[in-house]
Amino acid sequence: MRKTISEKTGKTPHLVVSRLHRSKLDPNRFKDDAAQYNSVSDRAYDTFHGIIKRVHNILAARGPAVHFDIHGYVTHATDNWTEIGYNIQRSRLNADNFTEEESSLRALAARAAARGIQFDDLVRGENSLGKLVQEEGFRVVPSPEYPRPEMGTEGKYFRGGYITRKWGSLNGGEIDCVQIEFPQWIRDDTEFYGPKLGSAMATWIQKYYPSD
């Protein structure tokens with residue numbers, strides 16, 4: 001994904017990776033839950049989020065930007081779809097009742113509105129990241145094909161975690177955050193699927209986060 005984004009946009013994304021098993025540290029939680037008061041885990045947590053902060057400071061000086069928080073899942077494999085999280089609760093998507101104020105895309109929503117793009121369309125319509133991923137041949141929620149999680153067999157969906165809420169524009173700023181959950185079958189063949197997903201993400205970046 002990163003290579004394709006770099007090739008298509010001419011900009012290489014920053015990459016921050018936690019290589020610790022989740023039984024040791026889950027940086028996608030509040031610190032006390034993530035590190036369980038272990039001093040080594042505490043330092044690893046602070047290092048991980050400290051690097052993100054440094055990267056965000058660099059990006060913030062250049063204008064609007066997006067943070068993709070990449071995850072994988074195996075626990076609800078019936079739907080086997082890609083889940084794109086903007087901090088909007090599953091129940092709210094199912095009820096067609098959500099607003100930009102609750103999302104990690106508040107900054108983008110404001111800019112898109114100025115271009116006449118409604119927030120619903122930005123999340124799951126023709127102007128959404130889900131549409132671009134869908135066009136690459138993936139089942140993805142939310143998207144024009146699956147605008148609501150309840151349309152799946154199990155209907156499970158994760159809106160994003162601590163990273164999405166902390167590092168997105170939910171509470172201000174010009175850096176948005178999107179959590180993407182990939183099923184196991186995509187992660188088993190990243191050489192094939194990675195460029196497709198990277199292409200969708202690059203198109204999204206070029207459309208909403210242009211840079212000089």
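Good morning. Please keep in mind throughout that the model is predicted.

I begin with the whole chain. The protein contains 10 helices and 4 strands. Read from the N terminus, these elements follow one another as α-α-α-β-β-α-α-α-α-β-α-β-α-α. The radius of gyration is 17 Å, close to the 17 Å that the globule rule gives for 212 residues, so the protein is as compact as a globular protein of that length. Along the principal axes, the C-alpha atoms fill a box of roughly 45 × 40 × 35 Å. Of the 212 residues, 46% count as buried. The accessible surface amounts to about 11,000 Å², and carbon and sulfur atoms account for 48% of that. As for contacts between residues at least 6 apart in sequence, 68% of them join residues at least 24 apart.

I turn now to the sheet. The 4 strands form an open sheet in the order β1-β4-β2-β3, and their pairing is mixed. Which strands stand at the edges? They are β1, residues 65-73, and β3, residues 140-141; each has a single partner strand, so one side of each is left without a neighbour in the sheet. The partner of β3 is β2, residues 82-85; these two strands run parallel and are joined by 2 bridges. Within this pair, T82 has V140 of β3 as its bridge partner.

A helix also packs on this sheet: α10, residues 190-208, touches β1 and β4, the latter being residues 175-183. The direction of α10 makes about 155° with that of β1. The 19 residues of α10 should span 27 Å at 1.5 Å a residue, and the end C-alpha atoms lie 25 Å apart, which agrees.

Finally, I would like to consider a single residue, R139. Where is R139 found? R139 lies in the loop between α7, residues 129-135, and β3. Its relative accessibility is 30%, so R139 counts as partly exposed. Leaving aside residues up to four places away in sequence, R139 touches D79, N80, W81, T82 and Y146. One of these, W81, is 58 residues from R139 in sequence, yet their C-alpha atoms are 5.0 Å apart in space. Another, T82, is the residue already mentioned as bridging to V140 in β3.

Thank you for your attention.

Definitions and conventions. Residues numbered from 1 in each chain as written. Predicted model: local features only at pLDDT ≥ 70, side-chain atom pairs only at ≥ 80, totals over all residues. Heavy atoms only, no water. Pairing = 2+ DSSP bridges. Contact = heavy atoms within 4.5 Å. Axes fitted to C-alpha atoms, helices over the stretch in contact; angles between N-to-C directions. Rg over C-alpha atoms; globule rule 2.2 N^0.38 Å. Buried < 20%, exposed > 50% of the residue type's maximum accessible area, 1.4 Å probe, protein only. Areas by Shrake-Rupley, 256 points an atom, 1.4 Å probe, with all protein chains shown as cover. Expected span 1.5 Å × (residues − 1).
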